[in-house]
Amino acid sequence: MTKIDIISGFLGAGKTTFIKKLLEEAIAGEQVVLIENEFGEIGIDGGFLKDSGIEIREMNSGCICCSLVGDFGRSLEEVLTKYKPDRVIIEPSGVGKLSDVMKAVRDVASNLDVALNSAVTVVDASKCKMYMKNFGEFFNNQVAYAGTIILSRTDVADAKKVDAAVKMLREANPKAVIVTTPVSQLTGAQLLEIIEKPDTMEEELMKEALEAFEESHEHHHDGECGCGHDHDHHHHDDECGCGHDHDHEHHHDHEEDHDHHHDHGDSCGCGHDHHHHHADEVFSSWGMEHVQPISREDLEKILDELAYGADFGDVLRSKGMVPGTDGNWFYFDLVPEEYEIRTGNPDYTGKVCVIGANLKEEELEKAFSRS
């Protein structure tokens, strides 16, 4: 099986940098064929590719979207048959429609043992608004069909422009992973994992919450909340007030935590009669991406409230990775009355997900918007 990755983006967006990083750091051991379209732009340096032992199939017949059904499909089949590579990277012209390139790949895949592995679009954060306005049809197509959007130059672009770009891209593509961390701060292996594997944080948290709800639903029949903590009080100890020793990571046991969840009964406070509703009707999810840097102290205050208080609603699960103001990245995992914070390497974007009942979304957004 040959994997096919399409890396699209307008001229100067940073496609070459992204592809080089993949080739050098993530797929150096694979037999790779790069297919370039030489329409109106200079491709990856040929000397670099020859040194890497990578074959180049140059398409000099003009824009590939003009000849996808004929020349491009035949050329792709020829490359696959001749080289039998592990992976093919297609770098279309900046004016090509991503949907057309994807269709051509799928057509070839119907005859050969190949699969469309990923569709990536690289977008210059400082030019996103201008391109969306002036090159709507082509630019928006590249954005709308991408599985991953790499936002480049986020380290040098104005912060407000980056925020606006993320919002515009999210409106145009509700499902794509949007990478806002500078590519230079991510490893090739991270980038490969991002484009190959979908982000399932929200799905996994919702599944955990539903499983916990169902399990506690079977064990609790006393009409109490079943969440395991008093929502009228934020603190439970005489120490710092949150019940945690902040010098240590906050660990939790998922099996024990099943008894801490808002399960059923008239006093649950979720507004549902659990005897007549499915569990997934009880919970909602809230998320934020491109979260700005936050101090550990401020993050702990938010997590204390999420775990012990009621200012954000009845929180069952929360998870996130956020950049710290000290240069670290903080990764947290939270259930009622327990949370853990660890430090790690940069991730593709600052992101938070919260699962619960009666979530106060405006308060959550305010909390994670401050830095």
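Reader: What covers the buried residues of α8?

Author: First, the terms. Buried means under 20% relative accessible area, with a 1.4 Å probe and protein chains only. Contact means heavy atoms within 4.5 Å. Helices (H or I, at least four residues) and strands (E, at least two) are DSSP runs, numbered from the N terminus. Here the cover includes β1 (2–9), α1 (15–25), β4 (87–91), β5 (114–124), β6 (148–152) and β7 (177–179). This is a predicted model: local features need pLDDT of at least 70, side-chain atom pairs count only at 80 or more, and totals for chains, interfaces and linings use all residues. Residues are numbered from 1 along each chain as its sequence is written, and side-chain values use heavy atoms, without hydrogens or water.

Reader: Which residues of helix α8 are buried?

Author: An α-helix has 3.6 residues a turn, so residues three or four places apart point the same way. In α8 (residues 188–196), Gly188, Leu191, Leu192, Ile194 and Ile195 are buried. They cover an arc of only 160° around the axis, so they lie on the same side of α8. That arc is taken from the directions from helix axis to C-beta atoms.

Reader: Where is Thr121, and what does Thr121 touch?

Author: Thr121 sits in strand β5. Its relative accessible area is 0%, so Thr121 is buried. Leaving out residues up to four places away in sequence, its contacts include Ser8, Leu98, Gln142 and Ile150.

Reader: What is the strand order in the open sheet of 5 strands?

Author: Two strands pair if DSSP finds at least two bridges between them. The order is β8-β12-β9-β10-β11, with antiparallel pairing. β8 (284–289) and β11 (338–344) are the edge strands, each pairing on one side only.

Definitions and conventions:
Buried means under 20% relative accessible area, exposed over 50%, partly exposed in between (1.4 Å probe, protein chains only).
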